[in-house]
Amino acid sequence: MLTQHRRIALLTDGASTPFLAKTAISLLRYRSPDMVAVIDQEHAGKTSAELFGAGDAPIVTQWSPELDCDAIYIGIAPPGGKLPHAWRPQLEAAIRAGVDVVSGLHDFLSEDSEWCHLAKQSGSQIIDVRKNHWKETATGKPFREECVRIHAVGHDCSIGKMVTTIEIDRGLQAAGKSSRFLATGQTGIMISGRGVPADCVVSDFVNGAVEYLVRDNDDADFLIVEGQGSISHPAYSAVTLGLLHGCAPQGLVFCYEAGRSEVKGFDGCAIPPLEQQMQAIEQLANLRGPSKFIGVSINTRNLSLEDAKREVERAEHRFGLPACDVYRDGADKLVQAALELQTACVPSALQETDA
């Protein structure tokens, strides 16, 4: 039902930074027509384009009935996933008015008994997109052979794995292919309206939840699976491996941010060499089924246009794979790599190409 919300206010008050407000930024990018306002007292009077470089929603001081919104989305993903206490009065007022509240935090708002009582009276719905009750392990059974699964992995968190997968999916659809983006995190679920909150599934069941998500969608020719964390991450590597084995991808896209040498939020924790990570990922993926890297997606946000171009050229030479920054260059190279993978994996696709 998330995609039914058409007038959304994004709450980022006091946390409107690229690190904390990445959910808001992606919603402004991919659901821009549905965003009516961003709530942040400090930046009121600006637009989302000025503050975040995405969308064109006005920034206001607080929620009010005059916004005429049908939902408030929590637009931040802070470490620990806690709701800022200062936000409670605004959210409570919105719930009393019958406005839905959608949250991707680990702090589940739907477990607040007072708010649930108010929501029942007003008709508001409190939706925690991370909340789940998945209790099934993976079966390991094969997926439909004609379904090509491509999974984004990377050297760290918050480097563009979700954006990469969305852009590949859009490119394949534009090429006339049956393709679906499969979200595995709160922001992707808020954008697409479906998915598995992999980082909030009990560890024994991550593989099973992802396997089910794939099986439920493998009537499509392509499934483009969002990645989480990194295989070397000191905190999140378990989720990364569960995703990798749960979706059993034939194709992998490696994502990294140019210039990042330390794990985000872990000062002094060095990121292992990219080649070492790629080798480990490919070996682990092949324990589940044949898999290989088909491309590289580079986040060059901290580089000039010229330096970004040189970084892409270096990466293609370094890894022997097509590379691009999907923000700056588009995803055409990765889309082409996906089509070539389909030709190699699915004999019928080769026949269609020849025809």
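Predicted model: local features only at pLDDT ≥ 70, side-chain atom pairs only at ≥ 80, totals over all residues.
Of its 21 lining residues, Glu145, Arg149, Ala248, Gln250 and Pro290 are the closest to its centre.

Q: Which helices each supply at least two residues of the lining of the second largest pocket?
A: They are H9 (274-288), H12 (332-345) and H13 (347-354).

Q: How do the residues of the lining of the second largest pocket divide into nonpolar, polar and charged?
A: The lining has 10 nonpolar, 4 polar and 7 charged residues.

Q: What lies nearest the centre of the largest pocket?
A: Lys22, Cys157, Ser158, Ile159 and Lys264 do, out of 45 lining residues. The space in this pocket is about 1300 Å³. Its lining divides into 17 nonpolar, 17 polar and 11 charged residues.

Q: What makes the largest share of the lining of the largest pocket?
A: H1 does, with 4 residues.

Q: Why is H1 called roughly parallel to H5?
A: The axes of H1 (residues 22-30) and H5 (residues 161-174) cross at roughly 15° and come within 12 Å. Angles under 35 degrees count as roughly parallel, so H1 is roughly parallel to H5. The crossing of H1 past H5 is right-handed.

Q: Which residues make the contact of H1 with H5?
A: H1 contributes Ser26, Arg29 and Tyr30, and H5 contributes Met162, Val163, Ile166, Glu167 and Arg170. These residues divide into 4 nonpolar, 1 polar and 3 charged.

Terms used
Residues numbered from 1 in each chain as written. Heavy atoms only, no water. Axes fitted to C-alpha atoms, helices over the stretch in contact; angles between N-to-C directions. Parallel < 35°, antiparallel > 145°, perpendicular 65-115°, else oblique. Left-handed = near helix turned anticlockwise from the far one by under 90°. Contact = heavy atoms within 4.5 Å. Nonpolar A, V, L, I, M, F, W, Y, C, P; charged D, E, K, R; others polar. 1 Å grid on protein atoms, 1.4 Å probe; cavity = no way out; pocket = protein on both sides within 12 Å on 5 of 7 lines; lining within 4 Å. Points joined across faces, edges and corners; volume = space filled by probe spheres on them.
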